[in-house]
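This report walks through one protein model, from a single helix face to the fold as a whole. Please keep the sequence and the 3D view at hand.

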Amino acid sequence: MKPGKTTIPIARVVADVQSEPSEPSEHSELSVGEVASRSGLAVSALHFYESRGLIASVRNAGNQRRYPRSVLRRVAVIKVAQRMGVPLAAIAEALQALPAGRTPTVADWRRLSARWRDDLDERIRTLTALRDQLDGCIGCGCLSLKVCPLRNAQDTLAAQGPGPHFGAGDS
C-alpha cells in the first residue's frame, strides 16, 4: 500500500451505499421542482394552488418549500377535476372536507366526484344542445327567427339576467 492512502473495507462501502439510497424513500419530501416535474405542472401553478389552499408545503431550514410525496395524488385529483370543468373554488371546498393533509383515497374520489355529477350532467346537456343546433346559428346575425334557440321574443330572457343565454328551452 502506498503511503497516505487508506483502504476502506468493501463491506463498509456496501453498507454506506445501502444506507444512502440513491432514490428518495417513500416518506421523503419533494422540492417544488420535483413536484412540478412529476406532475407536469409549472412551479407557478403549484405556488398558485398553494395560495388557494389546494396543497400545502412546509419550509426547510433554508426556507425552501418541501412537499410530502402524497401531494402528487392530490395534484392529480385537482387536475382531473379541472379537466371535468370543476372550478378551483369548488375543488378547494371539496378537498377541505378531507382531514387535514390526507391523501385522497378511492372512496374520497367517489364522494368528491359525486358532488360534481349534477353540474357536469347539466353542462353536458347544454353543450350537446349547442353542438346539435350550432350549424343553424351564426351567433345572432340570425338566419331564422323561427328555429333560432337564441331568439328572445318579448324579451322573456331578461328575467335570467344580463348577457346572452342559451339552452334547449330558450325559444
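This is a predicted model: local features need pLDDT of at least 70, side-chain atom pairs count only at pLDDT 80 or more; totals for chains, interfaces and linings use all residues.

Helix α2 spans residues 32-39, and V32, V35, A36 and S39 are its buried members. These four cover an arc of only 100 degrees around the axis, so they sit on the same side of α2.

What do the buried residues of α2 pack against? Their partners are strand β1 (29-31), helix α3 (43-51), strand β3 (65-68) and helix α4 (71-83).

S39 deserves a separate look. This serine lies in helix α2. Its relative accessible area is 13%, so S39 falls under the 20% limit for a buried residue. Leaving out residues up to four places away in sequence, S39 touches L72, V75 and K79. Just after α2 comes G40, with a positive phi of about 80 degrees.

Most residues other than glycine have a negative phi. N63 is not a glycine, yet N63 has a positive phi of about 65 degrees. Where is N63 found? The residue is in the loop between β2 (58-59) and β3. N63 has 51% relative accessibility, so it counts as exposed, the limit being over 50%.

**Helices α5 and α6**

Helix α5 covers residues 88-96 and helix α6 covers residues 106-133. The two pack at an angle of about 145 degrees. Their axes are 10 Å apart. The crossing of α5 past α6 is right-handed.

Which residues make the contact? From α5 come A90, I91, E93, A94 and L95. From α6 come L112, R115 and W116. By class, the contact of α5 with α6 has 6 nonpolar residues, 2 charged and no polar ones.

**The aromatic pair**

How many aromatic pairs does a search of the whole structure find? The count is 1. The rings belong to W109 and W116, with centres 6.1 Å apart and planes at 65 degrees, so the pair is edge-to-face.

**Two prolines**

P68 is in strand β3. P104 is in the loop between α5 and α6. P68 is partly exposed, with a relative accessible area of 38%, while P104 is buried at 2%.

| Pair | Apart in sequence | C-alpha to C-alpha distance |
|---|---|---|
| P68 and T103 | 35 residues | 9.8 Å |
| P104 and A76 | 28 residues | 9.9 Å |

Which residues does P104 contact, leaving aside its neighbours within four places in sequence? They are R73, R74, V77, L95 and L98.

**The fold as a whole**

The protein has 6 helices and 3 strands. In what order do the elements run from the N terminus on? The order is α-β-α-α-β-β-α-α-α.

Of the 171 residues, 24% count as buried. Among contacts between residues at least 6 apart in sequence, 48% join residues at least 24 apart.

Definitions and conventions:
Residues are numbered from 1 along each chain as its sequence is written. Side-chain values use heavy atoms; hydrogens and water are left out. Rings of Phe, Tyr and Trp (its six-membered ring) pair if their centres lie within 6.5 Å; planes under 30 degrees apart count as stacked, over 60 as edge-to-face and the rest as tilted. Axes are lines fitted to C-alpha atoms, for helices over the stretch in contact, and angles run from 0 to 180 degrees between N-to-C directions. A crossing is left-handed if the near helix is turned anticlockwise from the far one by less than a right angle, and right-handed if clockwise. Contact means heavy atoms within 4.5 Å. Ala, Val, Leu, Ile, Met, Phe, Trp, Tyr, Cys and Pro count as nonpolar, Asp, Glu, Lys and Arg as charged, and the others, Gly among them, as polar. Buried means under 20% relative accessible area, exposed over 50%, partly exposed in between (1.4 Å probe, protein chains only). The arc is that of the directions from the helix axis to the C-beta atoms.
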